[in-house]
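Please keep the sequence and the coordinates at hand while reading.

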Amino acid sequence: MKVKMILPALTEAESPFWRPIKYSLFPPLGLATLAAYLSPDDEIDLQDQHVEKVNLNDTPDLVVIQVYITNAYRAYSFADHYRSRGIYVVLGGLHVTSLPEEAAPHADTIFLGPGEETFPAFLKDFKAKRPKKQYASAVRSLVNIPPIRRDLIKRHLYLVPNSIVVTRGCPHHCDFCYKDAFFEGGKTFYTQVVDDALAEIDRLPGRHLYFLDDHLLGNAKFASALFEGMKGMNRVFQSAATVDSILRGDLIEKAADAGMRSLFVGFETFSPQNLKQSNKKQNLQKDYRKAVDRLHALGIMINGSFVFGLDDDDRDVFKRTVEWGVQNGITTSTYHILTPYPGTALYANMKREDRIASDNWDLYDTRHVVYKTKKLSAEELEEGYHWAYKEFYTWSNIASASLTHDSAKHMLKHFLYSGGWKKFEPVWNFVIKSKNLGAMLPLLESILSKVKKSGARSQEPGARIQEPGAIRERTEATGEMREATPEVASPLARAGEILSFK
Ligand code: B12
Ligand code: SF4
């Protein structure tokens, strides 16, 4: 059977604001996961429109499309195109799960929730010529899942080909998060078997890994065993976790020992009222500064995530947030305008209060205001959001934030990472155009090497500093072992910032 799998790009891909590097980071892991359920005899063509032109002139037997909110319209147009040619089309992913009635008219079959149970069930029915119109995931497990079809990923087109997820969901329930809507009807947080996760890591070439898990430290027992197993693997990795998990126990030290070099942290807001409104209880009364110091003492760079537009936010929120980031030596900041994704508690509340101002999904990209605001006008919110990005990345603020670290190497790394964020775009565009992004991976690995000396105000007792020592790594091309790249600091370290996207 001929199967076409497509990850459509968002509508923005044709706008002047399109930033190729942002979308050339991660390969289509979800589709490669599903491809593992197809038969080895099937002919699979996996296309990711973020990095390549999609060929629409083919005639496969089955078309599988992944739908996010901001690629929904494009996904539907691809689906309509193939269906008009009599080809069977299935749609799944976050947006289909949130709005099945919207997606159904564009598909022969739709899927709700994760695909590990439903997709193989569908394939069986499809081969027997009795596929259902809809499959909803009820059984949630990552036990005995087949290895991801990474052979279908065009590694050279991505800066971070080694993206990996070893858990699904998150133990928390923030009201703006996609998670509860997507995992409705079953477990909302579950993990792989540790040995399976370690085996998947072992299959990946090179040193660098990016865990796309929503909260890698979410299950302390699992994370602890994972980090223990990773200790001898000579990896460097980036991931995401919550403030409270950084402050609790010694998991973060274990993570650093295992190779964690940068962490996406959801600070989101400093207002207790905003935290309560968002049901982000895990951040309430937590000492953000202490969490920052603890990470810096371990040489872990921080990408802080902040949301603007919660009801308690006023005109000063932008300045306060930028200043806090600079004063606390946050390496990179990711700002978002509050976005009520359909299916979330936030969306339901706003709908009830008649506050949803637009249902154009292209605008649900965390850069536009799509709801009726309270203390700020929509214009003030959008202006403040853009101002915050510009302000945080001025040279003077980058320099000030860098100088908060007390090791010269940490300062330099910070300065170059952050500085490169806005200034080296043309270099990345050139590398992408020359289809050579994969060649940048060793550079990325080396710039994520450990800062040897403690780099922050605090010297926590648990803060162990690990010398990289004589390390050996598996080469990308041959799989052989070689001496690892020595530590370097490079202007192209901007990669570190880019990779802080959650
Ligand atoms: C990596 C990532 C990206 C990457 C790359 C995406 C890629 N190549 O797949 C990049 C940087 C491009 C990106 C960009 C954006 N992203 Co993003 N991203 C993620 C992230 C962190 C991980 C996705 C992932 O790989 N998961 C692991 C794989 C295994 O799971 P999966 O892809 O969901 O696939 C499974 C199921 O969905 C299902 N499935 C999916 N498709 C199909 C199809 C069929 C037929 C079936 C049966 C099943 C099925 O089965 C798969 C296996 O279980 C998620 C958060 C998250 N935890 O999901 C956010 C997330 C998906 N992103 C989000 C957003 C908002 C964006 C941006 C708009 C951000 C921005 N401000 O620009 C852009 C636009 C993206 C777009 N194209 O429209 C939101 C989406 C909200 C929504 N309701 O759609 C999320 C949920 C983050 C969040 N917490 O809000 N993103
Ligand atoms: S902690 Fe993060 S991933 Fe978990 S529910 Fe909240 S926003 Fe979502």
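Which residues are around ligand 2? They are C170, H172, H173, C174, C177, K179, D214, H215, T242 and G266, where a residue is near a molecule or strand if its C-beta atom, placed from the backbone, lies within 6 Å of it. The model is predicted, so that local features need pLDDT of at least 70 and side-chain atom pairs count only at pLDDT 80 or more, whereas totals for chains, interfaces and linings use all residues. Residues are numbered from 1 along each chain as its sequence is written, while chains are lettered from A and ligands numbered from 1 in the order in which they are written.

**Ligand shells**

Around ligand 1 there are 40 residues, of which G30, Q66, G92, G93 and G115 are the closest. Two or more residues of this shell come from each of α1 (29-35), β3 (62-66), β4 (88-92), α3 (94-98) and α5 (118-127). Helices (H or I, at least four residues) and strands (E, at least two) are DSSP runs, numbered from the N terminus. The greatest contribution to the shell around ligand 1 is that of α1, with 4 residues. Domain 1 (2-136) and domain 2 (156-418) each supply at least three residues to the shell around ligand 1; the domain bounds come from an automatic or database domain assignment.

The table gives the composition of both shells by class.

**Nonpolar core**

The largest nonpolar core comprises 119 residues, and I65, A79, L91, L263 and F308 have the most contacts inside it. Such a core is a set of buried Ala, Val, Leu, Ile, Met, Phe, Trp, Tyr and Cys residues joined through C-beta atoms within 7 Å. Helix α2 (residues 72-84) provides the largest share of this core, 6 residues. Domain 1 (2-136) and domain 2 (156-418) each contribute at least three residues to this core. Leaving aside residues up to four places away in sequence, L91 touches I65, V67, A75, A79, V96, A103, H106, A107 and I110; contact requires C-beta atoms, placed from the backbone, within 7 Å.

An open sheet of 6 strands has the order β7-β10-β11-β12-β13-β14, with parallel pairing; two strands pair if DSSP finds at least two bridges between them. Because β7 (163-164) and β14 (332-337) each have a single partner strand, they stand at the edges, and one side of each is left without a neighbour in the sheet. β7 is joined to strand β10 (residues 208-211) in the parallel sense over 2 bridges, and I164 stands opposite F211 in β10.

Strand β12 (residues 260-268) is largely enclosed by the rest of the structure, because 9 of its 9 residues are buried. A residue is buried with 20 or more other C-beta atoms within 10 Å of its own, exposed with 12 or fewer, and partly exposed in between, the C-beta atoms being placed from the backbone. Strand β11 (residues 236-241) and β12 pair in the parallel sense over 5 bridges, and the partner of A241 in β12 is V265. β12 is also joined by 6 bridges to strand β13 (residues 301-308), again in parallel; there, the bridge partner of V265 is G304 in β13.

L251 belongs to helix α10 (residues 251-258). Because 19 other C-beta atoms lie within 10 Å, L251 is partly exposed. The C-alpha atoms of L251 and A220 are separated by 7.1 Å.

Methods:
Contact = placed C-beta atoms within 7 Å.
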